[in-house]
Amino acid sequence: MTENLRDRGMDCALYSSYSSPIATVTLLEAAPAVSPALALTVAAAISAAGLAMLMQPGRRGLRLAGTVIGLAGFAMLMVEVLKRATAGAPEGGFPPVFPVIFGFLAMVGAVRMITSPRPVFAALYFILVVIATAGMFLLLGAEFMAFALVIVYAGAILITYMFVLMLAQQSPVAGEGDAWYDRVPREAISAVIVGFVMLATLGDAYFSPAAQRFRDDTSIVSARAGEQAAWQRLESMPKLLLETARKAEPKTAAVVSTNFDELSNRSKNATLKVTLDDGTTKDLAMDAALLPENSRQVGVDLVSRYPAGLEIAGVVLLMALFGAVILARKQIELGEDERRGIAGMRRLTVDGEAGGSR
Amino acid sequence: MSNMMAQTINTLAVTDAQTVNAALLVSAILFACGLIGFLSRRNMIIMFLCTELMFQAAALAMIAFGNIHHDISGQVFVIFILTVAAAEAALALGLVVLLYRRRETLDSEAWSELRETA
């Protein structure tokens, strides 16, 4: 165990000696006076100032300046955050182009969404955010969720929003343009201040040196643990395990026993003892690449670890369905008398009529 | 050529700390934007759209942290977030249509008499 830990410690030292790619360190040098601890907060403040200027309706120059300042703030945030990530970067030093592009798209979409005076455009910008986030999911190795997000969010939820927008949108009066309540934000400055506090707090929580170190250590330590857990989940699904074993050895007839304990030792693989078609037994060393693909792993995890959550999700959806039906029913104005009639109570007025025939 | 492409894809698929950091930053920004939008917009539909934006940020953070811990549960939780978001959208939009029928406007200020007296 101690040997193992030392091994990891060496790994950490190896990773931390890696310097970040040159391409990411440009803008921060423009503001050398800011101490590193404050850099994120200052960048967040600059972005917030840009956003506050962007939210002033009708002043074109101010909005243009806000765009420039906001973009500068975003660039500073991104550069500072990338600079703090030193562990685990690939040796080739490939600059993280795609996270930056997707992050930029998501940011632009979100900002335009909350500043656009036209609700339909806001919904369309939200689709941009969804697609950029899906790209981010892909980069993080969550392929199934990326596609599910595009299908469910961009394909279903946003269409519902569009429907309601079309249904409830007032037709614009000629010469008046957008509705005033879409053009004029409410308490823009205070809202931006709240958002800035949120962003600064989250930034400090996510990217403080302690949090960063914890994250780097966790990432290195739990790499094997994650693989081990994935194999162990597979163990409870005999058919899938057999299928996986057949990927390594096509002639496998049955899996006799499994051994995933040695996975914590980084030089060892998971091993399966299997019987072949001709009756002989064989030990198979399983590589992590043989694990089922992402969508299958998500499915296995969902049904084996969170069956109760799955049921509750079903109940939540059912209740939402009932709630939506009840809300969407045509509301009939009933007097006190009719309500009492429906409830089967005695009527207050004495008019001789049988209840509810009116 | 295809070999080089495969190599590039491999390099990209290796999730390094920089990707995770960028994802966390984007999630923080999206959440802050959603919060600002919810507070400052008057259109009720946009306000609910902003809550969806915050859901989105939570999902992104969930996946990024799941990636750090090499645990697939982060992705499973996003399925639950998606469920709740769908349920919320159905209910919220039903409510918005109801409120719109009553006042013929999407302005949330139209309902400001619901607040306590200052």
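The model is predicted. Chain A has 13 helices and three strands, while chain B has four helices and zero strands. The contact between the chains takes 90 residues from chain A and 70 residues from chain B.

**The two chains**

- Of the 358 residues in chain A, buried residues make up 30%.
- In chain B, which has 118 residues, 58% count as buried.
- Along its sequence, chain B reads α-α-α-α.
- Contacts in chain A between residues at least 6 apart in sequence include 58% that join residues at least 24 apart.
- In chain B, residues 24 or more positions apart account for 50% of the contacts with a separation of 6 or more.

- The side of chain A that touches chain B is made up of 66 nonpolar, 16 polar and eight charged residues.
- The largest nonpolar core has 111 residues. Within this core, the residues with the most contacts are A:A110, B:L30 and B:I45.
- Another core, of twelve residues, lies apart from the largest one. Among its residues are A:L263, A:A270, A:V274 and A:M286.
- As general background, nonpolar side chains tend to be buried together in soluble globular proteins.
- Which residues does A:A110 touch, leaving aside its neighbours within four places in sequence? They are A:V129 in chain A, and B:I29, B:L30, B:C33 and B:L53 in chain B.

**Helix α2 of chain B**

- This helix covers residues 17–40 of chain B, which is 24 residues.
- At 1.5 Å a residue, α2(B) should span 34 Å, and its end C-alpha atoms are 34 Å apart, so the two values agree.
- Is α2(B) mostly covered or mostly open? The helix is mostly covered, with 24 of its 24 residues buried.

**Helix α2 of chain A**

- Helix α2 of chain A covers residues 36–54, which is 19 residues.
- At 1.5 Å a residue, this helix should span 27 Å; its end C-alpha atoms are 28 Å apart, which agrees.
- Buried residues in α2(A) include A:A39, A:L40, A:A43 and A:A44. Others among them are A:L51, A:A52, A:M53 and A:L54.
- What covers the buried residues of α2(A)? The cover includes α3 (60–84), α4 (97–115) and α8 (188–207) of chain A, together with α2 of chain B.

- A:L317 is placed in helix α12 (residues 307–328) of chain A.
- A residue is buried if 20 or more other C-beta atoms lie within 10 Å of its own, and exposed if 12 or fewer do. A:L317 has 15 C-beta neighbours inside 10 Å, so it counts as partly exposed.
- Leaving aside its neighbours within four places in sequence, A:L317 is in contact with B:T83, B:A86 and B:A87.
- A:V120 is placed in helix α5 (residues 119–139) of chain A.
- Why does A:V120 count as partly exposed? The reason is that A:V120 has 14 C-beta neighbours inside 10 Å.
- A:V120 and A:P99 are 21 residues apart along the chain, and their C-alpha atoms are separated by 27 Å.

**The sheet of chain A**

- Three strands of chain A form an open sheet in the order β1-β2-β3, with antiparallel pairing.
- The edges are taken by β1 (252–259) and β3 of chain A. Each has a single partner strand, so one side of each is left without a neighbour in the sheet.
- Neighbouring strands of this sheet are turned by 30° against each other on average, direction ignored.
- β1(A) and β2(A) pair over six bridges. Across this pair, A:A254 stands opposite A:T275 in β2(A).
- Helix α10 (residues 238–248) of chain A packs on the sheet and touches β1, β2 and β3 of chain A. The direction of this helix makes about 105° with that of β1(A).
- β2 (residues 270–276) and β3 (residues 281–286) of chain A also pair over six bridges, in the antiparallel sense. The bridge partner of A:K273 in β3(A) is A:D283.
- The hairpin of β2(A) and β3(A) has four residues between the strands, and A:G279 in this hairpin takes a positive phi near 90°.

How values were computed:
Residues are numbered from 1 along each chain as its sequence is written. Chains are lettered from A and ligands numbered from 1 in the order in which they are written. This is a predicted model: local features need pLDDT of at least 70, side-chain atom pairs count only at pLDDT 80 or more; totals for chains, interfaces and linings use all residues. Two residues are in contact if their C-beta atoms, placed from the backbone, lie within 7 Å. Ala, Val, Leu, Ile, Met, Phe, Trp, Tyr, Cys and Pro count as nonpolar, Asp, Glu, Lys and Arg as charged, and the others, Gly among them, as polar. A nonpolar core is a set of buried Ala, Val, Leu, Ile, Met, Phe, Trp, Tyr and Cys residues joined through C-beta atoms within 7 Å. Helices (H or I, at least four residues) and strands (E, at least two) are DSSP runs, numbered from the N terminus. The expected span of a helix is 1.5 Å times one less than its number of residues. Two strands pair if DSSP finds at least two bridges between them. Axes are lines fitted to C-alpha atoms, for helices over the stretch in contact, and angles run from 0 to 180 degrees between N-to-C directions.
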